[in-house]
Amino acid sequence: MKEETPQPIQLGRKKPEIVEIHTDPVCGMAVTENLAAAQVEFNGKGYYFCAVTCRDRFLSEPQKYLDGATESMRGSCCGSGAQTSTASTTHIDPVCGMTVDPNSAAGTHTYNGKEHYFCSKGCVEKFKADPEKYLSPREPKDQPLDVEYTCPMHPEIVQIGPGTCPKCGMALEPVEVSLEDVEDPELIDMRRRFWISAVLTLPVFILAMAEMLPGFAAIVSPNVSIWVQFLLATPVVLWGGFPFFERAVQSIKNVSPNMFTLIAIGTGAAYLLSLAALFFPDIFPEAMRDMHTGMVPAYFESAAVITTLVLLGQVLELKARSQTSSAIKELLRLAPETAIRIDANGNATVISLSEVHVGDLLLVNANEKIPVDGKIEKGGSAVNESMVTGESLPVEKSVGDTVIGGTLNGPRVFEMRAEHVGRDTVLSQIVKMVSEAQRSRAPIQRFADVVASYFVPAVVIAAIIAFTVWLFLGSLAFAIVAAVSVLIIACPCALGLATPMSVMVATGQGARNGVLVKKAAALENLAKVDIIAVDKTGTLTEGRPAVRSIVEEGRWNGSDLLALAASVETHSEHPLAHAVVAEAESRGISIPKAENFTSQTGVGVTAVVNAKKIAIAAASKGAAVDELRRQGQTVIAVEVDGTTAGYIGLADAIKPSAKAVVKELHARGKQIVMMTGDNELTAAAVAKELEIDSYIAEVTPEKKAEKIAELKGKGKVVAMAGDGVNDAPALVTADVGIAFAEGTSVAIESADITLLHSDLGGILKAINLSRATMRNIRENLLFAFCYNVLGIPIAAGVLFPVFGLLLSPMIASAAMTFSSVSVIANALRLRNQQI
């Protein structure tokens, strides 16, 4: 039984179900009714507000705002962190809407006599390129009111807008990746806090270290030094470290202690102890005082350095995490920004891609990207589809052939009819599938989750034990250093990130190579597969059978027989049905209209044609039928009013790559089982040619699924590869279902992995990807476990009796930062993995 994907937990405000948008009369923000923080009725009209503070301002002077005045304080009312702001002290970045302090602005630009302030250099450059775009009032549709954010470690956490995860405290990421060149606001904030904290921390660190030098006390009085350290370290801990304390409080409220809980306890303890040493030195025993200065030692430098290093770690982690979505961004960049539309008069006009509609006639010039999915109506070319399918060689396309949006046209011009646009294109579906896969969880993650759930309490207990032991065997100073070091060095995030980071990068790498993974569990299961069951038609064979023979029975001639069969098969999705219809059309045979079409998967199809009941099914045994089957043909019987009218023999060429792939899978110790609804003779011929271990012929879809279940019951891990409607039950039953993008929609929906190219080599690519991913995950988990198992005892001071080494909290903080970043960096190596 396959693991069910957990339903997202909606946090905060729910996703809006309506599209009516109102304008907050105070700050001018666009607000939907169900996202509004407050609502007021005034003079019979309802007004909606983005924040309660806006509502209060409105109620105090309603006419002021109804006359057109608005507050230049969007940042403060929307949670930028400032309680109040005025036009004279802060400004709004016209590009991103953030509140900017003129003293800390990243840049300014004067336009039409007015100076504008910006939060980043990127915003400055965008504004310079097109000032009017950002100064003109934006349409409500441009406001991203319902952007969903989720946690990379806990994908079940979903909320509207950015924030932090209530479980692990990590910054949330947008569910859908976009190409907008907007820097992560969390990264901007953390970077600002880091640089300011670093500037303040450096002199604190220098003073603390210099106190160890002989004669330094004569240059800088210890009393002066500790006060300077206090003044500089306080904003670092309280302002720079504010997000950590905030997340720690949130974790305690949610009964979900995490890394930030430990950081807050460690830095908070060091800072509070230092405050006590500075303001209440008399409460400490005489033994704690320094023999030279007579002062109680303070740990301002430890608190400040730890905070600054953790901020640095957050900056590096956020930067590294942003690279994990690079594959999706590469896919998004495949789509061109414009298209050339041909109107009814034959005039060509360049339009935005968003203006293309289904049915539009488009012109595709040589060596340009194809704008949307569709079919060629005039001309032809060689199309490079490698960016979507992974197939390196260009594919020849002519009139009637399907082309994929985002692929690259070759040296010739053609006209195409748009069939799928927007979110319905193959490229959009690929992006959606990859995004969903990146948020799914591999079963191996459960082990890390169980360990993490006990991790923080265990670390706190370890810190208490270290404190107690050192208090009795050493001194209070040593006890504090050991306890703080234990709290700081522990890194549950390294454990939590080990699996999801590898999955995110791996699914992106798979998409680059034409392997779409729907969920992470498929990657884990595929690496353990013992048996690969494959469908014959469309999987081992080309899936494009052609009519080879027609055997007449009774009064029906070949053309009439073909016409009746084509009439019924027009309504079927099966490759054999398409072959019958194609043969009739190629012979110029008129195909009559069929009524009351019914289909029984794995059995056959029926319909009424010209008042006659026509039934088409696999042929029974007989001399004529067996002869065709010995020639490798699949034979179907055509019945008219219950009497056999004749037989149609079809043959399907084996895929060129099939034999080499089967041989390679055998070399890797995989057993191959072919399952087909075809007859025994045809199945035996194909199995012999490909040297397949075993086969099951004349099997129904239910029997395929039962066989898969039987193999699983024997303790085997089974993958199923197929492309037809009749393969869907087996694809769902298997541990891993693999479908081809050229197959039926039912098969694709039922599968865990979709191969964009029909080449069987895609199965090898998928296996290579799964093995590389699982190896990477195990490396990450091993590193995370070893780091914590070794780091925590060292921080507690177990090496002191032997080497006299007691780890400084500052070193512990640097090690903790290194651990998370190392796990992400190792996961990013998958981007260079050749599959």
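Start by selecting Asn-596, which sits in strand S24, residues 594-600. This is a predicted model. Look at the backbone of Asn-596: phi is positive, about 55°, although the residue is not a glycine. Most residues other than glycine have a negative phi. Is Asn-596 buried or exposed? Its relative accessibility is 60%, so Asn-596 counts as exposed, the cut-off being over 50%.

Now go to Glu-691. You will find Glu-691 in the loop between helix H24 (680-690) and strand S30 (694-696). Here too phi is positive, near 60°, in a residue other than glycine. Glu-691 is exposed, with a relative accessible area of 55%.

**The whole chain**

Zoom out. How many helices and strands are there in the chain? The chain has 30 helices and 33 strands. It holds 835 residues, and buried residues make up 49% of them. Now think about contacts between residues at least 6 apart in sequence. Of these, 64% join residues at least 24 apart.

Select Thr-201 in helix H6, residues 185-210. Its relative accessible area is 6%, and buried means under 20%, so Thr-201 is buried. Show what lies around Thr-201. Leaving aside neighbours within four places in sequence, Thr-201 is in contact with Val-236, Ala-304, Val-305 and Thr-308.

Next, select Thr-644. Its place is in strand S28, residues 643-651. Thr-644 is partly exposed, at 31% relative accessible area. Which residues does Thr-644 touch, not counting those up to four places away in sequence? They are Glu-553, Val-638 and Glu-639. Thr-644 and Glu-552 are 92 residues apart along the chain, yet their C-alpha atoms are separated by 9.3 Å.

**A helix pair**

Colour helix H23 (residues 658-667) and helix H28 (residues 761-796). Their axes come within 9 Å and cross at roughly 30°. Angles under 35 degrees count as roughly parallel, so H23 is roughly parallel to H28.

Show the side chains at the contact. From H23, pick Val-661, Glu-664 and Leu-665. From H28, pick Gly-761, Leu-764 and Ile-767. By class, four residues of this contact are nonpolar, one is polar and one is charged.

**A sheet**

Switch to the cartoon view. Strands of a sheet pair through backbone hydrogen bonds, either parallel or antiparallel. Find the open sheet of six strands with the order S14-S13-S15-S20-S16-S19. Its pairing is antiparallel. Which strands are the edge strands? They are strand S14 (348-352) and strand S19 (402-403), and each pairs on one side only.

Step in from S14 to strand S13, residues 338-342. Five bridges join S13 to S14, and the two run antiparallel. Select Ala-339 and look across: Ile-351 in S14 stands opposite.

**Aromatic rings**

Last stop: the rings. How many aromatic pairs are there? The count comes to 13 aromatic pairs. Select Tyr-47 and Phe-58 for one of them. Their centres are 5.3 Å apart, with 40° between the planes, and the pair is tilted. Tyr-47 lies in strand S5 (residues 45-49) and Phe-58 in helix H1 (residues 52-60), eleven residues apart. Tyr-47 counts as buried at 12% relative accessibility. Phe-58 also counts as buried, at 0%.

Then select Tyr-111 and Phe-127. Their ring centres are 6.2 Å apart and their planes are at 85°, so this pair is edge-to-face. Again the pair links distant parts of the chain, 16 residues apart. Tyr-111 is in strand S8 (residues 107-111), and Phe-127 is in helix H4 (residues 121-129). Are these two residues buried, or partly exposed? Tyr-111 is partly exposed, with a relative accessible area of 23%. Phe-127 counts as buried, at 0% relative accessibility.

Finish with a group. Select Trp-227, Phe-230, Tyr-271, Phe-279 and Phe-300 together. These residues form one aromatic cluster.

Note on methods
Residues are numbered from 1 along each chain as its sequence is written. This is a predicted model: local features need pLDDT of at least 70, side-chain atom pairs count only at pLDDT 80 or more; totals for chains, interfaces and linings use all residues. Side-chain values use heavy atoms; hydrogens and water are left out. Helices (H or I, at least four residues) and strands (E, at least two) are DSSP runs, numbered from the N terminus. Buried means under 20% relative accessible area, exposed over 50%, partly exposed in between (1.4 Å probe, protein chains only). Contact means heavy atoms within 4.5 Å. Axes are lines fitted to C-alpha atoms, for helices over the stretch in contact, and angles run from 0 to 180 degrees between N-to-C directions. Angles under 35 degrees count as roughly parallel, over 145 as roughly antiparallel, 65 to 115 as roughly perpendicular and the rest as oblique. Ala, Val, Leu, Ile, Met, Phe, Trp, Tyr, Cys and Pro count as nonpolar, Asp, Glu, Lys and Arg as charged, and the others, Gly among them, as polar. Two strands pair if DSSP finds at least two bridges between them. Rings of Phe, Tyr and Trp (its six-membered ring) pair if their centres lie within 6.5 Å; planes under 30 degrees apart count as stacked, over 60 as edge-to-face and the rest as tilted.
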